[in-house]
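Hi,

Here is the structure I promised to pass on.

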Amino acid sequence: VSEIEYKNGKKNGRGKEYDDGNLIFEGEYLNGKKWNGKGYDGQNNIVYELKNGNGMVKEYKSGKLRFEGYYKNGLKDGNGKEYNYNGKLEYEGKYLNGLKHGKAKEYYDDGSLKFEGEYLNGGKNGIVKEYCGDGSLKFEGEYFEYQKLKGKEYIKGKLDYEGDYYHNKKWNGKGYDDNGNIIYIINNGQGNIKEYHYNDNLKYEGGYSYGFYNGQGKEYNYNGKLIFDGEYIDGIKWKGKIYEYDKNDDLIFEGEYMKGEKNGYGKIIRKNKIIFEGEFLNGK
């Protein structure tokens, strides 16, 4: 909620901002930016003051600190920290003109490292490392213009893929099994691949092209049960046989699939008993 003067579609002039009914800023705005005024913590305590868009800032939401750092010309600039809705540190690094820019680290709720590397104008750029919640390495490599350029992917700390990327899709590289053996090769975005769930169960095996499952393939759920066997087009299950399971992993449907829907002969199963079998058309 706010009480702010506007001009030319932007905040300009005197105004007040509130969060959950509590005052968090009052002062002057210029071209949509806080410019001269005081910031509050939601409990009527003054926690910062801006002059001509400059100053050390502490911003609160729902009574918890969400950002602390320096403002320059009304934008985040220099070193700063961001906190999540639980008040846990989730980012620390540099900003430029309001955007993440420079060396940075990101964290999970428990304080374990999630990312370390560099940002450029708000996007990841340069050499980075990304981590899973258990602390194991997830990716290490290079970003260019906010997209993966080349690097290595890991599952539970074991190498899963290394090579080049195109628009964040695997492009030229090799895939590995748990023992470090090469199990597939991708050339110019095409090949036959194998992908695994985090618990080491097979997730997919089959054709791959231009970043999507394409051609004949098989897909499995987290517990290793087959959920689709057939043809994919650009990542969409297109024609084949599909299997569905309930939360206990009991089979509740099996049947033919075409053009992204149940089409053809199928069975609906409940408590290991068939309650319907026959033809389906467009999922019905």
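Asp-200 and Lys-156 meet through their side chains in a salt bridge, 3.1 Å from N to O (the term covers a side-chain nitrogen of Lys or Arg within 4 Å of a carboxyl oxygen of Asp or Glu). Asp-200 sits in the loop between E19 and E20, and Lys-156 in the loop between E15 and strand E16 (158-166), so the pair ties together parts that are 44 residues apart in sequence. Strand numbers count from the N terminus, and the elements are DSSP runs (helices are H or I with at least four residues, strands E with at least two). Asp-200 is partly exposed at 31% relative accessible area, and Lys-156 is partly exposed too, at 40%. For those labels, buried is under 20% relative accessible area, exposed is over 50% and partly exposed is in between, with a 1.4 Å probe and protein chains only.

Before you go further, some ground rules: this is a predicted model, where local features need pLDDT of at least 70 and side-chain atom pairs count only at pLDDT 80 or more, while totals for chains, interfaces and linings use all residues. Residues are numbered from 1 along each chain as its sequence is written, and side-chain values use heavy atoms, with hydrogens and water left out.

Back to the salt bridges: the count comes to 12. Another one joins Lys-103 and Glu-118, with the closest N and O atoms 3.4 Å apart. Lys-103 belongs to strand E10 and Glu-118 to strand E11 (residues 113-120), so this pair links parts that are 15 residues apart in sequence. Lys-103 is exposed, at 60% relative accessible area, whereas Glu-118 is partly exposed at 32%. Then there is Glu-130 with Lys-124, at 2.8 Å from N to O. Here Glu-130 is buried, with a relative accessible area of 9%, and Lys-124 is partly exposed at 21%.

Now the strands. 5 of them make an open sheet in the order E1-E2-E3-E4-E5, with antiparallel pairing (two strands pair if DSSP finds at least two bridges between them). Strand E1 (2-7) and strand E5 (46-50) are the edges, each with a single partner strand, so one side of each has no neighbour in the sheet. On average, neighbouring strands in this sheet are turned by 15° against each other, direction ignored; the axes behind that angle are lines fitted to C-alpha atoms (for helices over the stretch in contact), and angles run from 0 to 180 degrees between N-to-C directions. E1 is joined to strand E2 (residues 10-19) by 5 bridges, and Glu-3 has Lys-16 in E2 as its bridge partner.

Further along, strand E8 (residues 75-83) pairs with strand E9 (residues 89-96) in the antiparallel sense over 6 bridges, and Tyr-83 has Leu-89 as its partner in E9. Their hairpin has 5 residues between the strands, and Gly-87 there takes a positive phi near 85°. E9 also pairs with strand E10 (residues 99-107), again antiparallel, over 5 bridges.

Last, the pockets. I used a 1 Å grid over the protein atoms alone: a pocket is an open set of points with protein on both sides within 12 Å along at least five of seven lines, a cavity is a set where a 1.4 Å probe fits but cannot get out, and lining residues have an atom within 4 Å of a point. The largest pocket holds about 460 Å³, a volume being the space filled by probe spheres set on the points, which are joined across faces, edges and corners. It has 22 lining residues, and the closest to its centre are Glu-153, Asp-160, Lys-170, Glu-195 and Lys-203. E15 gives the most to this lining, with 4 residues.

The second largest pocket has about 190 Å³ of space. Among its lining residues are Tyr-18, Lys-34, Tyr-48 and Arg-66, and E6 gives the most, with 4 residues.

Cheers
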